Amino acid sequence: QDGDLDVIIQDDTGIDYMYLMLTMCCCGVPETLQYNLNQGWNLISLPLKVQDYTVATLFPHSSGVAFYFDNGYHATATLDNCYGYWIKIDSPMTQTITGVTLCDDICPIEKGWNIVGSTWRAVPISEVETTPSDIIVSMFFKYENGYAVATTIEPGRGYWVKASDAGTISMNSDFSKMGLFPPIEKEDKLQELLTLTFSDSY
């Protein structure tokens, strides 16, 4: 669950440097996402789990229909967390959506062009992973009154990207890694640590 993580290290060995890598799960917790929508077409995605996935409920000022790409455009009245969609808005506005963060962000990707979704946190393009690896053969493109190359996957946006083969894509939204201390000088001394305590204040 969400909360502060306290790490307590008790050491009587005189070690000057140590390296600790933590992997923290941040899925399944409440989150609110704000969409700044432009008049006309917007390329969006839904990176939260919600109770009602219908376009009319999520974006009440839209036409109630979204368009996804699968070897051509197709209309849909409901959204899926994995994909990006075009929606049309009559006038500029801000829309807020509340849900919970996803615990699984592995999504299918097809050979050729795809409109992929996003994740609940901003993710550098360099952290995007695919299986098989190295099947992304284009830049990621976002849209905001015109196309632009994206360097970061931003929550709530959709992105065009081309794949050389079918597979899966992951934004690594569930985990973050933190290096807390400089590298240890002698790894064998790590075994001499007396106590390592983890606690979650949630």
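Start with five rings: select F69, Y73, W113, F141 and W160, which ring pairs link into a cluster. Rings of Phe, Tyr and Trp (its six-membered ring) pair if their centres lie within 6.5 Å; planes under 30 degrees apart count as stacked, over 60 as edge-to-face and the rest as tilted.

Before going on, note that this is a predicted model: local features need pLDDT of at least 70, side-chain atom pairs count only at pLDDT 80 or more, and totals for chains, interfaces and linings use all residues. Residues are numbered from 1 along each chain as its sequence is written, and side-chain values use heavy atoms, with hydrogens and water left out.

**The whole chain**

Zoom out. The protein chain has one helix and 20 strands. Helices (H or I, at least four residues) and strands (E, at least two) are DSSP runs, numbered from the N terminus. Of its 202 residues, 37% count as buried. Buried means under 20% relative accessible area, exposed over 50%, and partly exposed in between (1.4 Å probe, protein chains only).

Now think about contacts, meaning heavy atoms within 4.5 Å. Among contacts in the protein chain with a separation of 6 or more, 78% are between residues 24 or more positions apart.

**Aromatic pairs**

The whole structure holds ten aromatic pairs. Select Y68 and Y85, an edge-to-face pair with 6.4 Å centre to centre and 75° between the planes. Y68 sits in strand 6 (residues 66-69) and Y85 in strand 8 (residues 84-89), so the two are 17 residues apart and the pair links distant parts of the chain. Is Y85 buried or exposed? Y85 is buried, at 4% relative accessibility. Y68 is partly exposed, at 29%.

Next, go back to F69 and Y73. Their ring centres are 5.5 Å apart and their planes stand at 75°, so this pair is edge-to-face. F69 is partly exposed at 26% relative accessibility. Y73 is partly exposed too, with a relative accessible area of 45%.

**The cores**

In soluble globular proteins, nonpolar side chains tend to be buried together. A nonpolar core is a set of buried Ala, Val, Leu, Ile, Met, Phe, Trp, Tyr and Cys residues joined through side-chain atoms within 4.5 Å.

Which residues touch the most other members of the largest nonpolar core? Select Y35, I44, F59 and L79; the core has 18 residues. Strand 3 (30-37), helix 1 (55-58), strand 8 and strand 9 (93-101) each give two or more residues to this core.

Centre on L79. Leaving out residues up to four places away in sequence, L79 touches I44, L46, Y53, V55, L58, F59, A66 and Y85. A second, separate core has 15 residues, including C82, I135, A163 and M171.

**Two enclosed strands**

Select strand 4 (residues 40-45). Five of its six residues are buried, so strand 4 is largely enclosed by the rest of the structure. Six bridges join strand 4 to strand 8, and the two run antiparallel. Two strands pair if DSSP finds at least two bridges between them. Which residue in strand 8 is the bridge partner of I44? The partner is Y85.

Move to strand 17 (residues 159-163). Four of its five residues are buried, so strand 17 is largely enclosed by the rest of the structure. Strand 11 (residues 112-116) runs antiparallel to strand 17, and five bridges join them. Look across from I115: W160 in strand 17 stands opposite.

Last stop: an open sheet of three strands, in the order 10-18-13, with antiparallel pairing. Strand 10 (107-109) and strand 13 (129-131) are the edge strands, each pairing on one side only. The twist averages 35° from one strand to the next. Axes are lines fitted to C-alpha atoms, for helices over the stretch in contact, and angles run from 0 to 180 degrees between N-to-C directions.

Select strand 18 (residues 167-170), which pairs with strand 10 over three bridges. Here C107 stands opposite I169, and P108 stands opposite T168. Strand 13 is also joined to strand 18 by three bridges. On that side, T131 stands opposite T168.
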